[in-house]
Amino acid sequence: MNSMPSPSNPSRYEGCTLTGALAVVTQVRDAACIIHGPAGCTHHNFSLLHATLLGNDTAAIPRLISTRLGENEIIFGGEDALERCIARVHEAPPAPAAIFVLSTCIVETIGDDTAAVCARGWETPVIPIRTSGFLGGVFQTGFVGALLAAGTLAEQGSGQREGVTLIGEKNLEYDVDENYAEVVRLLAYLDLAVNLRFVRDTDTAALSRLGTGAFNILREPALREVGEALHRRHGTPFIDSFPVGLAGTLRFLREAGKLTGRDTRDAVREEEAYQEEMLAAFADLAGARVRFDRLSPLLEEDAAAGEVVAELAAALDLRVAQDGIPLPPPYPAPVGTAGVRRLLHRWRRAIRTNGRRSF
Amino acid sequence: MPDPPHQDCTNPLWPCAMTGAVACLAGFDDLAVIVHGSSGCYFYPASLLTAPLHGTFLVENEIIFGTEERLREVIDTVAGTREHVAVVTTCVPAILGEDLAGVAHDRDLLLVDAPGFLGDLEAGYHAALEAIRPAVDPNRPGVNIDGICLLDPFCRGNIQEAQRLLTAAGGAVGTTFCSGPLGAAGRAAPFTVGTNPDLASGVGEWCGSLLGLDAVAETFERLAATCDGIDPSPVAHEIAEAEKRIEKACDKYLRRFEPPRVAVFGECAYAAYAAETLERYLDAEIACICSRNRPASPRRRIEQTTDFSRISELITAGEPDLIIGSSYEQTVRPEAAFVPLTPPVRGRVLLHARPLAGIEGTLRLLDDVLNACMDLRQSSGSQRPE
């Protein structure tokens, strides 16, 4: 429960830039992340990441180091504490391949120059990311900023272009690896492999492959800024979203074919047949009266998810009505045909448990 | 050996003062709690506490032009939902120098300045307690219960167990810090017992802790000597019966198995109690005892640290076959038996009220320890319990 849900200013509810950035850079396994601020900011995020990693059956624990500012540093400045911390991280094993330094809202407010401390000629790359909490952005701002910052570890693109680079997977989502598997399955129709997951479960050396893919696939259109930056730097074209919904999946195959000069007609036909077979397994839902409530007043409506709802309601002959059985709206939109199938299982469960009499 | 002050810390494992203050205040069921800060600060306590919370969800403009109007707007919205309203300031609003007392004009509003940089959970909890201005009513009968915190997985169980014991001894329950109506904090009974001395309220005459059977016995003896109407004999009788059952179960375990080698992590009082209980009844070998918070006075054998890398070192070096702590420690040595003592406790369903304090608390702790150790032996296949 919270107060004042105000759709007129949704940025109030969109979280912390620091969390967004950490969702990216903690996936560079051989890097260390320094969070310049009070210990509580680091703890909050470590707690979230730890819970997410356990939920995704991942044992790897990210290394987050807090400069642990107290009242004294808030009054007199925390740059010395940051400098000491960077030096200690260099010295303490295991030696990191790179150090990301993330600021917080309180150090932004007191005016610490984090970037200047990072620029003091360290042995290891020390990369500042301006993540001043809610000052200057939201979760997504931090996420984008971290992708751009991690991209500076890649060399300018050269050599033969092979495979596909995935940009900005949502590392905090529960089905992140299932979504990845679906993209891999679809790319296999076109004999394309994944060159790099930028950034998921990788290391600093692997980031050098960032500019070597045949094309990039952004996780969602909100990452266009990153796609365009990588296009300028490495000349890599991009598709602006993972495949979403049924028609979106077929469109994705056609776009991938277009970017690589492949004939996609067989792939699309095969996938269409697969989708029809999948939908047939849910034919028992035809005629069910349903409704899709907004997930939360704090979340902005997802236009792509809305299109998928309309597409599926038509394909399955669902009757959308105010007094229908409430179904969970997709958030985010389901990836590929497999994502749609998992969504439909959840819908059928909800229809069976909540509304037998509606049949 | 506490963490050196103002030294960096890897993966700190304990929440900040703001979270502690919110956890304290949200325990009062007629108090609406507003986190005055950004959504990022709000989401953490909101995700941990099973209580409704409100937030001002500040944006950058409000930091530049002032947060008072936004705070007033949110107070107006929540004022009708509960009898009282509390506002907890987070880091940035705390240093803006705004006179938020002006917002409180003509309102029953509690302002708690508990920015994260103030310190740890306990610092915030105590700052909130101080802001409540608890007071003793010398004529009020009963005994207060303190040490209750919504973040504690034993919160509900400890309240129920303390109430049960006081009732069994013929006493009445005074104010519970922090649970129930806020107004009760201003008319507390003259005597207090604690379920977690790290969160002691300092209200009334301290009559002792309920952590451990000896402590329960001593506390009720002290209550009987100072407080009218308390008869310690039913509690003493129950302790004797409980101890017999514990000794029988532990003796049976030790006939077949080696005592566990234990690493204990938690708030200072909880960790010390768990270690002492296992030494006493299971002849356990203590690999290490680590406190999340700074003990009120240095305690032998207890290291204070919230640094996950240090904790990982201790677990690796100590090679415990039983870990008592949180899910963080459990992930370091998943092959060890595990018993939860401190949050977070992940991957387990915890629906029913579990006490750590009182007689049932000790029985539950030993249940969990013996079952976890026997499960470990069974899964290893080398030895099986009778």
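**Exercises on a predicted two-chain model**

H10(A) passes H11(A) in a right-handed crossing (near helix turned clockwise from the far one by less than a right angle; anticlockwise is left-handed). This is a predicted model, in which local features need pLDDT of at least 70 and side-chain atom pairs count only at pLDDT 80 or more, while totals for chains, interfaces and linings use all residues. Residues are numbered from 1 along each chain as its sequence is written, chains are lettered from A and ligands numbered from 1 in the order in which they are written.

**Exercise 1.** Determine how the axes of H10(A) and H11(A) are arranged, and list the residues that meet.

Step 1. H10 covers residues 245-260 of chain A and H11 covers residues 265-280 of chain A (helices are DSSP runs of H or I, at least four residues; strands are runs of E, at least two; both are numbered from the N terminus).

Step 2. The two axes come within 10 Å and cross at roughly 165 degrees (axes are lines fitted to C-alpha atoms, for helices over the stretch in contact; angles run from 0 to 180 degrees between N-to-C directions).

Step 3. H10(A) and H11(A) are therefore roughly antiparallel to each other (over 145 degrees; under 35 is roughly parallel, 65 to 115 roughly perpendicular, the rest oblique).

Step 4. From H10(A), Leu246(A), Thr249(A), Leu250(A), Leu253(A) and Arg254(A) meet Ala267(A), Val268(A), Glu271(A), Glu272(A) and Gln275(A) of H11(A) (contact: C-beta atoms, placed from the backbone, within 7 Å). By class, this contact has five nonpolar, two polar and three charged residues (nonpolar: Ala, Val, Leu, Ile, Met, Phe, Trp, Tyr, Cys, Pro; charged: Asp, Glu, Lys, Arg; polar: the others, Gly among them).

**Exercise 2.** Give the strand order of the open sheet of four strands in chain A, and find the helix that packs on it.

Step 1. The order in chain A is S6-S5-S7-S8, and the pairing is parallel (two strands pair if DSSP finds at least two bridges between them).

Step 2. S6 (194-198) and S8 (238-239) of chain A pair on one side only and are the edge strands.

Step 3. S7(A), residues 215-218, joins S8(A) in the parallel sense over two bridges. Asn216(A) stands opposite Phe238(A).

Step 4. The packing helix is H9 of chain A (residues 224-234), which touches S5 (164-167), S7 and S8 of that chain and makes about 170 degrees with the direction of S7(A).

**Exercise 3.** Do likewise for the open sheet of four strands in chain B.

Step 1. Its order is S7-S6-S8-S9, with parallel pairing. The edges are S7 (173-176) and S9 (205-209) of chain B. Direction ignored, neighbouring strands are turned by 30 degrees against each other on average.

Step 2. Four bridges pair S6 (residues 143-146) with S8 (residues 191-194) of chain B. Val143(B) has Phe191(B) as bridge partner.

Step 3. H8 (residues 213-226) of chain B packs on the sheet, touching S6, S8 and S9, at about 155 degrees to S9(B).

**Exercise 4.** Describe the side of chain B that touches chain A.

Step 1. Contacts link 45 residues of chain B with 49 residues of chain A. H2(B) gives the most to this side of chain B, namely six residues.

Step 2. The side divides into 27 nonpolar, 14 polar and four charged residues.

Step 3. S2(A), residues 64-66, and S1(B) run antiparallel, joined by two bridges. Ser66(A) has Cys9(B) as its partner in S1(B).

Technical notes
Two residues are in contact if their C-beta atoms, placed from the backbone, lie within 7 Å.
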